[in-house]
Amino acid sequence: MEWYEDESFWKATYPFLFSETRFEAAETHLENILNLVGLDSGPVLDLCCGPGRFSIPLAQRGFRVTAVDRSPFLLDEGWKRAAQRDLNVEWIEKDMREFERPEAFDLVLNLNTSFGYFDAKDEDVRVLRKIFASLKPGGRLVMDLMGKEKLARIFQPTVSEKLEDGTLLIQRHEIFDEWTRIRNEWTLIKGTEVRTFEFHHTVYSGQELKDRLLSVGFQDVRLCGSFEGEEYGRESDRFVAVAGKPDCETV
């Protein structure tokens, strides 16, 4: 079983990955994303949606939202949040490599470094092809990742922090495969209970991701250092890629 298929990982790390503070921050991030792509209505795919940090505020704004994730636990958390707010979101349990709905969406979101999970890097290109096929002509993709440029600037082998519930989270990191992958070990300590999880993913530089987006047919690829559209550079806090599907496919 791959690390991202382990439901116990998502359940144990949920308080860290999806705190209420991060849900609240998503509201502002979403407003900036929509301004960045100039969209105020239409069908949106939230790919690797988790518990709906962006799916729910999109639905609140009147967008038709399809939320896709492979974790039943995270989808259930999102469904409960949406139900509490009487919101209609289409929740789909599916691997990002498999989901495709031809020319169905004006916008696809892939946020919070939910990309590069797979050992075989051509699987990432497969995901991008699925996204490209699922976009309407003229549709846009917005991705938000931990960029290699920032990682090189802030990298520390070990960091720790205390979560709101008193859990101590210790993170150990190791770069491998010629600076293309990062291996992470997270240890959660709460009272006498200790749990450790390992996971790894690919890290992309701006140019590496741009090349892959262009290779599957995207155009007008723009790299930003924030959801506000600032220019991407070594000192950027975020790595946001915006790409467009051509209005008319060329032969």
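User: What makes the pairing between the side chains of Asp-144 and Arg-238 a polar contact?

Analyst: This is a predicted model, and in it the two side chains, of Asp-144 and Arg-238, come to 2.9 Å. The limit for a pair of N or O atoms is 3.5 Å. The value of 2.9 Å is within that limit, and the pair is therefore called a polar contact.

User: Which backbone atom does the side chain of Asp-144 reach?

Analyst: The side chain of Asp-144 reaches the backbone nitrogen of Asn-112, at 3.2 Å.

User: Why is Asp-144 called buried?

Analyst: Asp-144 has a relative accessibility of 6%. Buried means under 20%, so Asp-144 counts as buried. The residue is placed in strand 5. Beyond the neighbours within four places in sequence, its contacts include Asn-110, Leu-111, Thr-113, Phe-227 and Phe-239.

User: How do you know that Asp-144 and Val-240 are apart in sequence but in contact in space?

Analyst: In sequence, 96 residues separate Asp-144 and Val-240, whereas their C-alpha atoms are 4.6 Å apart. Contact is judged on heavy atoms, with a cut-off of 4.5 Å, and Val-240 is listed among the contacts of Asp-144.

User: Is Leu-145 buried or exposed, and what makes it so?

Analyst: Leu-145, in strand 5 (residues 135–145), has 6% relative accessibility. With the buried class set at under 20%, Leu-145 counts as buried. Leaving aside neighbours within four places in sequence, Leu-145 is in contact with Thr-113, Phe-115, Tyr-204, Leu-209 and Phe-239. Its C-alpha atom is separated by 14 Å from that of Ala-243, 98 residues apart along the chain.

User: Why does Ala-243 count as buried?

Analyst: Ala-243 has 0% relative accessibility; the label needs a value under 20%, and Ala-243 is therefore buried. This residue lies in strand 11 (residues 239–244). Ala-243 and Met-143 are 100 residues apart in sequence, with 8.7 Å between their C-alpha atoms.

User: Why is Asp-86 called exposed, while Trp-179 is called partly exposed?

Analyst: Exposed requires over 50%. Asp-86, at 71% relative accessibility, therefore counts as exposed. Trp-179 has 34%, which falls between the 20% and 50% limits, so Trp-179 counts as partly exposed. Asp-86 is in the loop between helix 4 and strand 3 (89–93), and Trp-179 is in the loop between strand 7 and strand 8.

User: What is the phi value of Asp-86, and what is that of Trp-179?

Analyst: Phi of Asp-86 is near 55°, a positive value in a residue other than glycine. Trp-179, not a glycine either, has a positive phi of about 60°.

User: Which residues of helix 1 are buried, and what covers them?

Analyst: In helix 1 (residues 7–17), the buried residues are Glu-7, Phe-9, Trp-10, Ala-12, Thr-13, Tyr-14 and Leu-17. Their cover includes helix 2 (20–37), helix 4 (72–84), strand 8 (181–190) and strand 9 (193–202).

User: How do you know that the chain agrees with a compact globule?

Analyst: A compact globule of 251 residues would have a radius of gyration near 18 Å; the chain has 18 Å, and so the two agree. The chain contains seven helices and eleven strands, and buried residues make up 52% of its 251 residues. Of the contacts with a separation of 6 or more, 62% are between residues 24 or more positions apart.

Notes. Residues numbered from 1 in each chain as written. Predicted model: local features only at pLDDT ≥ 70, side-chain atom pairs only at ≥ 80, totals over all residues. Heavy atoms only, no water. Helix = DSSP H or I, 4+ residues; strand = E, 2+ residues; numbered from the N terminus. Rg over C-alpha atoms; globule rule 2.2 N^0.38 Å. Buried < 20%, exposed > 50% of the residue type's maximum accessible area, 1.4 Å probe, protein only. Polar contact = N/O pair within 3.5 Å; in protein donor to acceptor, adjacent residues only side chain to side chain.
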